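This report describes the fold, the core and a few selected residues of the structure shown below. Overall architecture is treated before individual contacts.

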Amino acid sequence: MIIKRLKEARLRAGLSQYKLGVLAGIDEASSSARMNQYEKGKHQPDQNTALRIAQVLDLPLAYFYAEEDELAAVILAFHKKNQDDGSS
């Protein structure tokens with residue numbers, strides 16, 4: 001997971017690390033610490049946790065793994081188009 005994208009998406013959504021973690025199903029007692037570790041790149045979320053984080057942020061999971069910023073932008077544009085078309 002590209003840590004920069006995770007933090008930027010969380011901030012755009014106006015969520016704290018704690019709130020995002022809780023909404024993604026992480027235990028309240030450790031949600032802030034775990035999200036902090038993900039954002040700092042100390043640990044990677046497993047695929048199920050990453051998917052729940054993406055769902056909470058209403059973003060495709062692929063966005064968080066795109067290595068190039070241009071590819072991430074294309075993924076977001078495609079996701080938005082699908083939402084606008086009612087395809088997702």
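## Secondary structure and dimensions

The protein chain has six helices and zero strands, where helices (H or I, at least four residues) and strands (E, at least two) are DSSP runs numbered from the N terminus. Read from the N terminus, the order of elements is α-α-α-α-α-α. The model is predicted, so that local features require pLDDT of at least 70 and side-chain atom pairs count only at pLDDT 80 or more, while totals for chains, interfaces and linings use all residues. Residues are numbered from 1 along each chain as its sequence is written, and side-chain values use heavy atoms, with hydrogens and water left out.

Along the principal axes, the C-alpha atoms fill a box of roughly 40 × 25 × 20 Å.

## Burial, surface and contacts

Of the 88 residues, 35% count as buried. Buried denotes under 20% relative accessible area, exposed over 50%, and partly exposed the range in between (1.4 Å probe, protein chains only). The protein chain exposes about 5300 Å², of which carbon and sulfur atoms supply 52%; accessible areas come from the Shrake-Rupley method with a 1.4 Å probe, and for residues only the protein chains shown count as cover.

Among contacts (heavy atoms within 4.5 Å) in the protein chain with a separation of 6 or more, 48% are between residues 24 or more positions apart.

## The nonpolar core

A nonpolar core is a set of buried Ala, Val, Leu, Ile, Met, Phe, Trp, Tyr and Cys residues joined through side-chain atoms within 4.5 Å. The largest one has 20 residues, and those with the most contacts inside it are L6, L20, M35, I53, L57 and F64. At least two residues of this core come from each of α1 (3–13), α3 (31–40), α4 (47–56), α5 (61–65) and α6 (69–85).

Not counting residues up to four places away in sequence, L20 touches L6, R10, L15, M35, I53, V56 and L57.

## Aromatic and charge–ring geometry

One aromatic pair is found in a search of the whole structure. The ring centres of Y63 and F64 are 5.3 Å apart and their planes stand at 75°, so the pair is edge-to-face. Rings of Phe, Tyr and Trp (its six-membered ring) pair if their centres lie within 6.5 Å; planes under 30 degrees apart count as stacked, over 60 as edge-to-face and the rest as tilted.

Y63 and F64 are both buried. The charged end of R5 sits over the ring of Y63, 5.8 Å from its centre; the criterion is NZ of Lys or CZ of Arg within 6 Å of the ring centre and within 35 degrees of the ring normal.

Q17 lies in helix α2 (residues 17–23) and is buried, with a relative accessible area of 15%. Beyond residues up to four places away in sequence, Q17 touches R10, S31, S32, M35, N36 and E39. T49, in helix α4, is buried at a relative accessible area of 2%. Apart from neighbours within four places in sequence, T49 is in contact with I26, R34 and Y38.

D58 belongs to the loop between α4 and α5 and is partly exposed, with a relative accessible area of 43%. Leaving aside neighbours within four places in sequence, D58 is in contact with H79 and Q83. The C-alpha atoms of D58 and H79 are 9.3 Å apart in space, and the two residues are 21 residues apart in sequence.
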